[in-house]
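Subject: Handing over a structure

Dear colleague,

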Amino acid sequence: MNEAVAALVDPRARRTAALRRAPLFSGLDDATLRAVEGSFEVIPIPGGATLFEAGDPGDALYVVSFGCLAVFDPPGPEGNVRVIAEIPVGDIVGEMSLIGHRRRSHTIAAIRDSEVLRLTRSEFERVCAEHPEALMGLLAKVVERYRAPPRPDMRPPRTIALLPHGLDTPCAPFAADLAAALKRIQATGKVEVIGPEAMGSPPENFYRAEAESAFVVYRADPGLTPWTRMCLRQADALLVLAIVDRPPTGPQLIDAIRAEEMFRGGPFRSRRELVLVHEDGRRAKPGTTAQWLHGQDYGMHHHVRLGRDNDFNRLARLLLNRSVGVVMAGGGARGFAHIGAVRALREAGVPIDLVGGTSMGAIVAASVAAGWTVEEMQERFRRSFVEHNPLNDYTVPFVSLFSGKRVTRLLRAAFGESDIEDLPKPFFCVSANLTRQNADVHRRGKLWHWLRASVSIPGVLPPVLAGGNVHVDGGVIDNFPVTAMRNIGRGPVIGIDIETGGGLSAGADVVESWSAWEFLRRLVWNRDETLPIPSIVRVLLRSALVGSTSRALTDRTQVDMLVLPPMQDIDLLDWTSFDRAVDSGYAQTMKALEVARGESVARRLYLAS
């Protein structure tokens, strides 16, 4: 056993090692440190329990000797709290209010089973009087915290608890697949799986496992047993495992956990996600995922197939905040460039773990989330847009120029009645909510329905009505939804933006719009000539997109890799330029990947050098 592990397992050695790392005591010699150690009170804190709350008197400081604490912001308008910083072993907490004779400004709670060493005000003053050199380290820590105030940070989990829903949930094989994937993602360090057979083992065994391993996976019981409670206290993240085609018929285990947390109190709620296991490898039946998510507050849900390395690699990357998200902008026929971009990314070995988009970008993104191959994408989009123009069902223009029925049929034929949450990969699309005057990000609901909303160009296609709200093309407000992807916070973001400028102009000799008779005359007698005035459809499309141009320029600076295919010579409604758009997206993405290989982002995009 190495020295670090021995110090963690032996209680006294563990506490001494923590004090040596604490700024207040790091400059003391061994003899002085041993003398000071007797001034501390040892306080164990179960995972989820509160050390002190905002507003409590600042009568002591604490040194973390085991586990991890977190700093919580006061509840916001909706009553939610959030972690703004974590306090690891060897760090001091509570010194600011102690020195300033103030009340606590934040709530501190344990995010796993922890232990702290408490030093009261009187003992603190005595230590400082007898060992004034200790104050230098403490002052440095205070200055550091004033210079860099806490900021929200979602730390990747090192300990993961698997909570099976029912006795027939394949928890053991799932744990083995997950452990193998974690090992592939992080080659250094081992991954240990601990199951219910370890119940009754001394705590030192768990301390040792966590000290010697990069990750520890705990297999809990199907019910809220003492072993399950221990797993919950140790875990940084909870994964609820369920078989996708066996929807819940009664209360879930997570319901009992939530009830117990409410009874216990405290601000901390561990990161929890749902994993739906596909035993036979088939896709989820439409609507089954929604039954699992109903009334729950999972941070994310996942679909995995046992024995499929790609599925578990994606799950591991998402858990560790090392996944790759791809954002696809809207842009009419120019949006076919996304197909070429996907081909380039796949050829380069860059995983697409989660994807989202607006308008045409949303449709291509949905096909990626659905698991289509590049060949399927090319065949289906060519058939739907090139061979059969989706904008040819003219109607009496009370609401729009086209009825939109053809677009709806195409979307339903392509994606069926699946919900967004049924897709194998996490996906979102964006629509503009005219009722609330904001961009809505859709992560649940009928896939075809919200895709139809995302492409509803005002005046060209009828708006989509839902819950009393009027939804139109997301490009009206957010044509390049990078912020929505960034807010998920699971890793680097690749942005594929579509330049919507160019290609719209009037003839130099045209001073004012033509009459209806002039348009008709040109269409009948000069039908082979290009009209010097843009059509109403092109004007409406450009008008819908121009409002989000400045926002897109800002969002381009927020991505880790930007792809911007040059396509000003392709009209936004020229479906026949399909191959040119695809080739442009492919070529520009390959160039962007070549540049990225020479930058620090290459490793995070899993690019081979």
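**Strand 7 and its partners**

A70 stands opposite A109, which belongs to strand 7. Please keep in mind while reading that this is a predicted model. Strand 4, residues 69-72, pairs with strand 7 in the antiparallel sense, and four bridges hold this pairing. Strand 2, covering residues 50-52, also runs antiparallel to strand 7 and is joined to it by two bridges, with I108 in strand 7 as the bridge partner of F52. Within strand 7 itself, which spans residues 107-110, T107 and A109 point one way while I108 and A110 point the other way, and all of them are buried.

**The chain as a whole**

The secondary structure of the protein chain comprises 23 helices and 22 strands. Of the 609 residues in the chain, 53% are buried, and the accessible surface comes to about 27000 Å², with 54% of it belonging to carbon and sulfur atoms. When contacts between residues at least 6 apart in sequence are considered, 77% of them join residues at least 24 apart.

**An open sheet and the helices across it**

Four strands make up an open sheet in the order 1-8-3-6, with antiparallel pairing. Its edges are strand 1 (41-45) and strand 6 (92-93), each of which pairs on one side only. Strand 1 runs antiparallel to strand 8, residues 114-120, and five bridges join the two; in this pairing, I45 stands opposite S114 of strand 8.

Helix 2, residues 11-21, lies across strand 1, strand 3 (60-66) and strand 8, and runs at about 120 degrees to strand 3. Helix 5, residues 121-130, lies across strand 3 and strand 8, and its angle to strand 8 is about 70 degrees.

R121 has its place in helix 5. Leaving aside neighbours within four places in sequence, R121 is in contact with G58, D59, A60, S97, L98 and H101. The C-alpha atoms of R121 and I99 are separated by 8.8 Å, and these two residues are 22 apart along the chain.

**The nonpolar cores**

The largest nonpolar core contains 84 residues, and those with the most contacts inside it are F336, F381, F427 and L451. Helix 14, residues 360-369, gives the most to this core, contributing eight residues. Apart from this core lies another, of 27 residues, which includes Y218, M230, L232 and A242.

Helix 14 is mostly covered, with 10 of its 10 residues buried; among them are M360, I363, V364 and S367. Just after helix 14, G371 takes a positive phi of about 90 degrees. F381, when its neighbours within four places in sequence are left aside, is in contact with F336, I339, I363, V364, S367, W372, V386 and F578.

**Aromatic pairs**

The structure holds 13 aromatic pairs. In one of them, the rings of F206 and W227 have their centres 6.1 Å apart and their planes at 45 degrees, so this pair is tilted. Because F206 lies in helix 8 (residues 203-212) and W227 in helix 9 (residues 226-234), the pair ties together parts that are 21 residues apart in sequence. F206 is buried, with a relative accessible area of 8%, and W227 also counts as buried, at 2% relative accessibility.

A further tilted pair is formed by F385 and W575, at 5.2 Å centre to centre and with 50 degrees between the planes. F385 belongs to helix 15 (residues 374-386), whereas W575 lies in the loop between strand 22 (561-563) and helix 22 (578-597), so that the pair links distant parts of the chain, 190 residues apart. Both F385 and W575 are buried. Ring pairs also link F336, W372, F381, F385, F415, W575 and F578 into a cluster.

With kind regards

How values were computed. Residues numbered from 1 in each chain as written. Predicted model: local features only at pLDDT ≥ 70, side-chain atom pairs only at ≥ 80, totals over all residues. Heavy atoms only, no water. Buried < 20%, exposed > 50% of the residue type's maximum accessible area, 1.4 Å probe, protein only. Contact = heavy atoms within 4.5 Å. Areas by Shrake-Rupley, 256 points an atom, 1.4 Å probe, with all protein chains shown as cover. Core = buried A, V, L, I, M, F, W, Y, C linked by side-chain atoms within 4.5 Å. Pairing = 2+ DSSP bridges. Axes fitted to C-alpha atoms, helices over the stretch in contact; angles between N-to-C directions. Phe/Tyr/Trp six-rings, centres within 6.5 Å; stacked < 30°, edge-to-face > 60°.
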